[in-house]
Structures are given as structure tokens and as C-alpha cells.
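Student: I have a new model open and want to read it feature by feature. Where do we begin?

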Amino acid sequence: MINWQHILVWGIAFSGFTGSIVFAATPAPSGDASIVSPDSKVEELWVDKGFTEGACVSMDGIIYFSDINFAGGKGKIMAFDPSTEKTTVFSADSGQSNGLMINKKGKLLAACGANNGKQCLAQITKNGKVKPIVETFEGKKFNAPNDLVIHPRGWVYFTDPRYVGTEPLELDHMSVFRYDPKTKTVHRATTDITKPNGVVVSPDGKTLYVAETDNGASGLEKEPPKEPKLRMTLNAFPIKKDGSLGKKRILADFGDKETGIDGMTVDQKGNIYAAFRAESRFGIVVFSPEGKELAYIPTPSLPTNCTFGIGADASTLYITAGSGLYRIPCKIPGFHPALPVDK
């Protein structure tokens with residue numbers, strides 16, 4: 001998610017750095033030690049001048065993440081290999097991809113935003129090219145697809161807000177959509193969220209979690225609103241057998257003073273790891289499926305998204321924050337709804 005608030009950074013920014021730095025000055029994790037040890041340290045793996053987002057993992061353990069270009073130029077998709085500690089460019093022109101996820105066939109799907117982006121749900125081919133899957137709803141261009149999650153049954157839920165970009169808004173709503181790859185149709189999944197952001201599925205496939213991150217702006221303003229009406233919540237929707245959603249349940253309401261949640265992931269016990277962007281207390285906040293805060297992992301800068309590794313790396317949490325990629329060891333393996341489960 002991109003909003004009007006500036007990015008805070010603790011420490012030093014290294015342009016184009018690839019390697020590993022442990023942030024000793026970052027406060028220690030707190031909360032349930034069975035989730036993350038208070039002795040665990042955040043490591044910086046890569047940092048540049050862009051804005052990182054959308055971390056996901058492939059079946060071979062590669063961590064893909066978006067590097068968004070704020071200036072309206074070409075965004076990129078980067079690939080970090082835990083076995084070599086190297087980060088390389090996978091796509092030199094990502095269509096301003098944001099959220100990413102690998103499906104069961106090994107295809108990389110992306111939510112491509114506005115601001116000189118593709119404004120679509122797309123597949124990123126093996127040679128890094130953007131191949132749009134769906135670009136419109138009822139004949140109108142999407143606002144700026146932001147995040148996505150692939151259900152075990154193949155449905156793709158994706159969010160469509162607008163935070164930045166000068167492209168005209170054709171839709172009169174910012175919604176969660178569901179794409180069905182079998183019928184190649186797209187459906188508006190809910191009307192109960194004013195401005196959706198991060199989205200993730202529970203391990204049992206029965207619940208869709210949606211972050212409502214409404215900053216009170218349309219994204220077309222030249223200046224941020226002086227007194228925006230904010231709405232920041234974490235919500236749960238039951239997923240019906242046909243993929244449609246049931247009644248919303250608000251798990252957490254963060255009030256109207258600061259920014260709430262961006263991207264999210266879950267572990268195998270169903271706990272929600274949320275990139276929390278309140279400037280007074282930012283980092284990864286771990287919630288129970290009922291919305292109770294269980295643990296807190298401070299990050300060196302405002303976080304945007306997170307994902308777990310896979311295989312021997314299944315309990316490592318990878319975090320996009322500010323202009324970088326980070327990781328921290330956790331205690332519970334992550335869950336990836338479109339990939340095999342690590343035991």
C-alpha cells in the first residue's frame with residue numbers, strides 16, 4: 001500500500017546494497033515467545049531507492065518482491081535467493097506490480113497498479129514480461145489492483161483501491177474482486193469495505209481476511225487532504241462454497257488517527273502477520289484469528305508486506321519495508337494457500 005504518509009527509516013540506507021545487516025538498534029520483538037523469540041533480530045537483505053512491496057515465495061524457495069517506482073517510471077520485480085544471498089532483477093518492467101503470489105502451476109501472478117502501471121491482474125512470464133489476465137470490471141478499467149491471494153481452489157481474490165496515480169477513475173467504488181480461472185470471470189466479492197488493501201486466506205480456506213486502509217483520499221489530489229476521514233480496520237469474511245463471501249466481521253478497529261494494516265500473511269496455526277504502518281508504532285503485528293494481538297516485530301522502516309519462506313526456510317518471515325527486503329526467524333512455519341504445506 002502507498003499512502004500520503006512519509007516513510008520513516010532507522011539506520012543507514014545503502015543504494016543497491018545486497019547482503020545482510022542485523023539491525024541491533026531496532027527494538028526487540030515482544031509478545032508470545034512461541035511465535036517469535038525476543039532474541040530474534042531483523043536482517044537487512046537488500047535495499048535500493050524504490051518502494052518495496054508484495055513479497056511472495058516460489059516452490060523452489062525464491063523470494064520475489066516488487067520494487068515500485070514512485071516517480072511514474074518502470075517498476076521492477078526482484079528475486080532473492082536464500083541459498084546464495086543474492087538479489088537479482090526478475091522483471092525490469094513490472095507494470096507497477098504490487099502484490100505477488102505463485103499459483104499451483106508455478107505461475108507468478110501480480111496485482112499491477114496505476115501511476116503509469118498496467119492497472120490489471122496479470123501473470124508475470126518466466127522472462128519477466130507482464131501478461132494481463134483481467135483488466136476491466138463491467139467494461140471499466142480497474143482503479144489500481146493492490147494485493148492478491150490465491151485460494152486453494154484456485155480463485156484469486158484481489159483488492160482494487162487507489163492511492164497514487166493520475167489515471168482517471170472509471171469505477172465508482174474500491175472493491176475486493178474474485179477472479180475464477182476456470183470460467184475466466186471476475187466478480188465483485190464484497191461491498192462492505194470502503195478501501196481494501198492487504199488480503200490473505202486462512203489455512204482452512206474458509207476465511208478471507210481483508211485490511212481496510214481508507215486514507216480518505218481518491219489518489220487524484222495534488223495535495224493530501226488536510227483533515228482526511230480515516231477508516232482503518234482488519235476484517236474477516238466467511239468464504240462460501242462457490243467462492244462468494246458472507247457477512248463481514250471486524251476483528252480489529254485501529255481508529256481514525258493513524259494508518260492501519262497493509263499486506264498480510266498467515267502461519268500454519270492461522271495467526272495473521274500484518275504489516276502495521278502507524279508511525280507511532282510500526283512493524284509486523286501478529287493477530288490471532290479472533291483479532292487478538294499476540295506478538296509485535298518492530299521493523300527498521302514502515303512495512304508494506306510479508307511472507308514466509310518454504311522448506312527448510314518455512315519459519316523465516318520475509319518483510320518488505322521502506323526501500324528494502326528484510327527477514328527474521330520465527331517459530332511457526334508459514335502457510336501458502338497455493339503451495340504444498342511444509343510439515
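Student: Which residue in E20 is the bridge partner of Thr-207?

Tutor: Pro-238 in E20 is the bridge partner of Thr-207. Before we go on, note that this is a predicted model: local features need pLDDT of at least 70, side-chain atom pairs count only at pLDDT 80 or more, and totals for chains, interfaces and linings use all residues. Residues are numbered from 1 along each chain as its sequence is written, and side-chain values use heavy atoms, with hydrogens and water left out.

Student: How many helices and strands does the chain have?

Tutor: Both are DSSP runs numbered from the N terminus: helices are H or I with at least four residues, strands are E with at least two. This chain has zero helices and 29 strands. Thr-207 belongs to one of them, strand E19.

Student: How do I read the link between E19 and E20?

Tutor: Strands of a sheet pair through backbone hydrogen bonds, parallel or antiparallel. Here two strands count as paired if DSSP finds at least two bridges between them. E19 (residues 207-214) and E20 run antiparallel, joined by eight bridges.

Student: And what lies on the E21 side of E20?

Tutor: E20 (residues 231-238) also pairs with E21, again in the antiparallel sense, over four bridges. Take two positions along that pairing. Leu-234 stands opposite Ala-252 in E21. Thr-233 has Asp-253 in E21 as its bridge partner.

Student: In what order do the strands of this sheet run?

Tutor: The order is E18-E19-E20-E21, four strands in an open sheet with antiparallel pairing. The edges are E18 (196-201) and E21 (249-253); each has a single partner strand, so one side of each is left without a neighbour in the sheet. From one strand to the next, the twist averages 20 degrees; axes are lines fitted to C-alpha atoms (for helices, over the stretch in contact), with angles from 0 to 180 degrees between N-to-C directions.

Student: Is Thr-207 buried or exposed?

Tutor: Check relative accessible area: under 20% is buried, over 50% exposed, and in between partly exposed (1.4 Å probe, protein chains only). Thr-207 counts as buried because its relative accessibility is 17%. As for E20, six of its eight residues are buried, so the strand is mostly covered. Across the chain of 343 residues, buried ones make up 59%.

Student: What does Thr-207 touch?

Tutor: Contact means heavy atoms within 4.5 Å. Leaving aside neighbours within four places in sequence, Thr-207 contacts Val-200, Val-201, Ser-202, Ala-236, Phe-237 and Ile-239. For the whole chain, take contacts with a separation of 6 or more: 52% of them join residues 24 or more positions apart.

Student: Show me another buried residue.

Tutor: Val-149 is buried, with a relative accessible area of 1%. Not counting residues up to four places away in sequence, Val-149 touches Met-101, Trp-155, Val-156, Tyr-157, Val-199, Val-200, Val-201, Leu-208 and Pro-337. Compare sequence with space for Val-149 and His-336: 187 residues apart in one, 9.3 Å C-alpha to C-alpha in the other.

Student: What is the volume of the largest pocket?

Tutor: About 450 Å³. Its lining has 17 residues, with Asn-103, Lys-105, Lys-107, Tyr-179 and Pro-181 nearest the centre. Seven are nonpolar, three polar and seven charged.

Methods
On a 1 Å grid over the protein atoms alone, a cavity is a set of points where a 1.4 Å probe fits but cannot get out, and a pocket is an open set with protein on both sides within 12 Å along at least five of seven lines; lining residues have an atom within 4 Å of a point. Grid points are joined across faces, edges and corners, and a volume is the space filled by probe spheres set on the points. Ala, Val, Leu, Ile, Met, Phe, Trp, Tyr, Cys and Pro count as nonpolar, Asp, Glu, Lys and Arg as charged, and the others, Gly among them, as polar.
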